[in-house]
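Keep the viewer open and turn the model as you read.

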Amino acid sequence: MKDEITRDERVDNLKGMGCSRKRVEDARFTQGKGNYVDDIKLDGMLFGDFVRSPYAHARITSINTEEALKVPGVLAVLTAADLEPLGLHWMPTLAGDKQMVLADGKVLFQGQEVAFVVAEDRYAAADGIELVEVEYEELPVIVDPFEALQSDVVLREDLVAEDGSVPDGAHGARKHPNHIFTWEAGDKDPTDQVIAEADVVATESMYYHRTHPCPLETCGCVASMDKVNGKLTLWGTFQAPHAIRTVVSLISGIEEHNIRVISPDIGGGFGNKVGAYPGYVCSVVASIVTGKPVKWIEDRMDNLMTTAFARDYHMTGKIAATKEGKITGLHCQVVADHGGFDACADPTKFPAGFMNICTGSYDIPTAYLEVDGVYTNKAPGGVSYRCSFRVTEAVYFIERMIEVLAIELNMDAAELRRMNFIKKEQFPYKAALGWEYDSGDYHTAWDKALETVDYAGLRAEQAQRVEDFKAGKTRSLMGIGLSFFTEIVGAGPVKNCDILGLGMFDSCEIRIHPTGSAIARLGTISQGQGHATTFAQILATEIGLPADSITIEEGDTDTAPYGLGTYGSRSTPVAGAATAMAGRKIRAKAQMIAAYLLEVHDNDVEFDVDRFVVKGAPERFKTMKEVAFAAYNQAIPGLEPGLEAVSYYDPPNMTYPFGAYVCVMDIDVDTGVPDIRRFYALDDCGTRINPMIIEGQVHGGLTEALAVSLGQEIAYDDMGNVKTGTLMDFFLPTAWEVPNYETDHTVTPSPHHPIGAKGVGESPHVGGVPCFSNAVQDAFRPFGNRHTNMPHDHWRIWKTANELGLHE
Amino acid sequence: MPKKMHITLTVNGKEEEFLAEPRELLIYTLRERLNITGPHIGCETSHCGACTVTIGGKSVKSCTMFVAQADGADITTIEGIGGPDNLHPLQEAFKEHHGLQCGYCTPGMITRATKLLEEIPNPTEEEIRFGMAGNLCRCTGYQNIVKSIQAAAAEMSAAKEAAE
């Protein structure tokens with residue numbers, strides 16, 4: 001048989017890895033035909049909504065639901081007293097703590113769930129909420145973790161023994177009733193010694209403020225208990241549907257095979273939708289109680305005030321170096337504000353996530369990290385907002401410490417970084433705080449970035465600007481923000497990564513249909529990342545069927561293989577690997593079928609793009625499409641019919657994407673308004689599956705970084721009132737504030753990943769936050785600025801200028 | 001309970017008639033009563049624009065308009081802009097230029113963009129960024145949304161010229 005098309009054309013026809021395949025998701029989204037949880041409608045469906053606490057810390061003396069139950073359309077009002085007989089008034093958190101589902105005698109943060117009103121529609125539920133009478137007795141409020149560790153006010157009486165002693169928590173000894181854990185990494189004494197003996201030590205304290213992922217779609221679910229068949233179906237905004245199924249089973253006692261969890265289309269997650277929330281539990285209970293499906297959807301205020309804050313880390317660093325600038329040691333101490341319950345979403349053995357990546361991209365021989373988790377009267381959460389676990393905090397910390405050290409040494413910060421980067425030949429590199437970085441080529445990336453932006457030229461321009469400013473010729477300063485980051489993503493190896501005891505592997509199951517198309521199901525779930533597009537590309541390259549002939553399905557626990565979901569940039573590193581491995585199993589069987597059809601030995605055929613070819617006789621081949629059909633219509637000795645495979649992939653290591661970012665910013669000293677003139681982002685995520693989608697991820701992650709660094713925060717007053725509960729106060733950038741970004745890349749494949757990919761969704765956020773912040777701070781460096789805390793909103797920038805005397 | 005009002009609307013060319021409480025917000029009328037789920041709810045405070053529809057030639061955030069205020073109105077949602085057999089150039093362009101990710105803001109974004117291009121057929125980047133600033137997107141960073149709208153504008157202008 002003669003080929004009618006060239007090999008290159010055959011490759012192009014697959015739309016496999018490396019091409020900017022257009023997204024298959026977009027047809028439905030652009031036509032308003034997405035299927036998000038709030039779009040789900042079931043016969044007789046009810047709506048549940050919460051009575052929430054107006055106080056941040058109070059005892060509840062009574063709850064009266066009588067009047068609420070008289071409201072037409074209100075069917076039930078659940079309180080902790082109703083849940084207690086079921087053992088559901090508290091629930092376990094992902095961090096080994098427990099959390100009230102409905103207020104059990106007291107409330108610990110403003111907005112806490114007190115009662116659940118179940119009604120025929122949202123309006124009736126709202127009417128019911130108005131009439132639930134709750135009497136509160138206010139208690140002293142603590143919103144400062146340092147104060148919490150000194151205070152006599154006990155926030156969690158349930159965690160103090162009767163004799164007043166403080167029992168151990170899930171992560172070991174606790175020092176105070178309001179203390180959750182101390183977590184250490186590295187070597188304390190040697191680090192202290194290095195710091196004591198160093199030529200130069202830079203010390204800085206910084207607060208990485210509390211913020212929130214705030215996806216455009218809030219959290220929600222629909223619970224439907226089918227009492228006839230004993231089956232519970234739960235649709236919801238779940239970033240980890242399988243884990244949710246297991247958790248629901250464990251806390252409800254319903255056997256796991258009787259629970260079906262479905263994540264439909266999800267309107268952005270960014271970490272907000274990893275946790276298990278009281279709304280899910282109450283909806284399930286309400287459905288059991290009423291015998292009808294129950295929907296619960298947060299409003300924006302509920303979302304910002306109660307589910308899934310991020311960050312809130314008070315970090316103090318000491319960085320030691322020789323007078324030439326070689327870093328010799330790093331000490332990092334963190335006080336972590338976890339709010340009223342420890343509901344952080346981290347792998348079990350890592351109560352401060354991967355904060356121990358805080359030595360960054362640098363060859364730092366000695367380091368020590370200590371994190372203290374503390375209870376306060378704020379909402380629980382502690383999710384990884386567009387980052388792997390606490391990696392934004394870690395990278396912000398080290399990238400600020402580098403800048404402060406550069407000031408201390410009177411050195412250029414770009415040069416200081418270059419001098420201390422881990423060298424290419426040092427990989428795999430074992431860092432002082434324990435991680436083994438799989439691969440990297442930092443110098444190449446850094447030099448490419450600095451050259452592209454003409455770094456020397458920018459510095460010269462900046463120096464001229466400072467002169468002009470001093471001479472009264474301009475009121476605008478120029479900041480050059482630098483950051484070089486190393487992410488740690490793809491959690492993770494089952495040996496050290498689990499959530500609630502569930503190993504953090506992931507999975508893919510493939511079925512090839514007789515006519516040469518396929519369906520693949522994964523344990524992850526897209527929230528906008530385009531999995532249906534990119535995973536099909538991986539498979540197209542692996543099995544030689546066109547991506548357009550491969551359906552990708554996720555999010556239904558009845559059909560998809562078990563997996564731990566999508567967050568922490570783990571989909572490509574873990575489920576992507578499972579996809580490639582399952583594809584290779586398909587290929588191995590297909591090769592035997594092809595050999596049979598070609599009447600040669602298995603080893604005499606080889607895979608080439610979309611076919612198996614007899615070695616040395618390229619005109620003799622069977623396409624994958626032909627093999628697929630043969631799998632279903634030939635009786636092949638020694639082979640079962642059919643062509644299917646499943647792979648559960650336990651990654652041997654994390655992946656370590658990295659990147660070099662430069663931001664050029666002009667700042668109006670008199671208004672505090674920053675103008676981002678240029679932003680250059682070089683990302684190395686290893687093998688690139690779909691460049692278009694990678695760029696889109698980078699644009700989005702940078703914009704969320706811009707938000708966090710330049711204005712977005714969850715702020716509280718002293719009474720524990722949330723000051724930023726609506727989009728009026730909580731900063732989400734519009735098209736007007738956001739610049740155009742320049743994207744670039746290098747490619748350093750992961751040596752242990754089957755296709756060399758590392759994940760990219762979160763890199764731009766992790767690297768972007770310090771880059772924007774460093775740009776602001778750099779503008780003021782010539783005038784004596786050392787460090788100011790984010791978010792750098794106009795007022796804070798103006799204040800910095802004012803404090804430096806620039807308004808005189 | 002307040003007295004229900006008699007409401008008539010035209011939505012995507014179809015006449016609708018029903019009784020509604022005066023406090024019913026238009027977004028719930030569309031989504032719950034009429035099963036038109038393209039427009040989404042993101043904030044309920046007019047900030048995010050996920051609920052954007054067109055009423056009488058203007059972009060309106062349907063989460064903060066009572067259906068009573070819309071009585072008699074002619075409303076267009078994303079469902080009325082284009083479907084599988086007659087995609088609007090903006091729908092094509094958003095797909096072609098990766099102008100969306102999670103898709104939650106997209107119906108409102110495209111609905112708003114149709115009005116923007118009616119108001120300014122060949123907008124500059126600045127005009128697009130200003131004209132779209134009432135619609136928030138958390139995923140894309142807007143760069144590809146701007147590109148998509150530019151591409152659709154060029155396409156629509158070319159088609160118009162060809163027709164003249």
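**Where the chains touch**

Please keep in mind that this is a predicted model. Chain A brings 41 residues into contact with 45 residues of chain B. On the chain A side, helix H2 (26-30) and helix H18 (691-710) each supply at least two residues. Which helix gives the most to this side of chain A? That is H18(A), with six residues. By class, the chain A residues that touch chain B comprise 16 nonpolar, 15 polar and ten charged.

**An open sheet in chain A**

Next, look for four strands of chain A that form an open sheet in the order E26-E25-E24-E30, with mixed pairing. Strands E26 and E30 of chain A stand at the edges; each has a single partner strand, so one side of each is left without a neighbour in the sheet. From one strand to the next, the twist averages 15 degrees.

| Element | Residues |
|---|---|
| Strand E24 of chain A | 506-512 |
| Strand E25 of chain A | 518-522 |
| Strand E26 of chain A | 550-554 |
| Strand E30 of chain A | 644-649 |
| Helix H15 of chain A | 531-543 |

E25(A) and E26(A) pair in the parallel sense over five bridges. Arg521(A) has Glu553(A) in E26(A) as its bridge partner. Helix H15 of chain A lies across E24, E25 and E26 of chain A, and runs at about 130 degrees to E26(A).

**Two helices in chain B**

Now turn to chain B, where the axes of helix H3 (residues 89-96) and helix H4 (residues 106-119) come within 10 Å and cross at roughly 130 degrees. This angle makes H3(B) oblique to H4(B). The crossing of the two helices is right-handed. H3(B) makes the contact through Leu90(B), Gln91(B) and Phe94(B), while H4(B) uses Thr106(B), Ile110(B), Ala113(B) and Thr114(B). Sorted by class, this contact of H3(B) with H4(B) has four nonpolar, three polar and no charged residues.

**A close look at Leu83(A)**

Finally, find Leu83(A) in helix H4 (residues 80-83) of chain A. Is Leu83(A) buried or exposed? Leu83(A) counts as buried because it has 22 C-beta neighbours inside 10 Å. Leaving aside neighbours within four places in sequence, the contacts of Leu83(A) are Leu78(A), Leu88(A), His89(A), Val101(A), Leu102(A) and Val285(A). Val574(A) lies 491 residues from Leu83(A) along the chain, and their C-alpha atoms are separated by 38 Å.

Key: Residues numbered from 1 in each chain as written. Chains lettered and ligands numbered in written order. Predicted model: local features only at pLDDT ≥ 70, side-chain atom pairs only at ≥ 80, totals over all residues. Axes fitted to C-alpha atoms, helices over the stretch in contact; angles between N-to-C directions. Parallel < 35°, antiparallel > 145°, perpendicular 65-115°, else oblique. Left-handed = near helix turned anticlockwise from the far one by under 90°. Contact = placed C-beta atoms within 7 Å. Nonpolar A, V, L, I, M, F, W, Y, C, P; charged D, E, K, R; others polar. Pairing = 2+ DSSP bridges. Buried ≥ 20, exposed ≤ 12 C-beta atoms within 10 Å, placed from the backbone.
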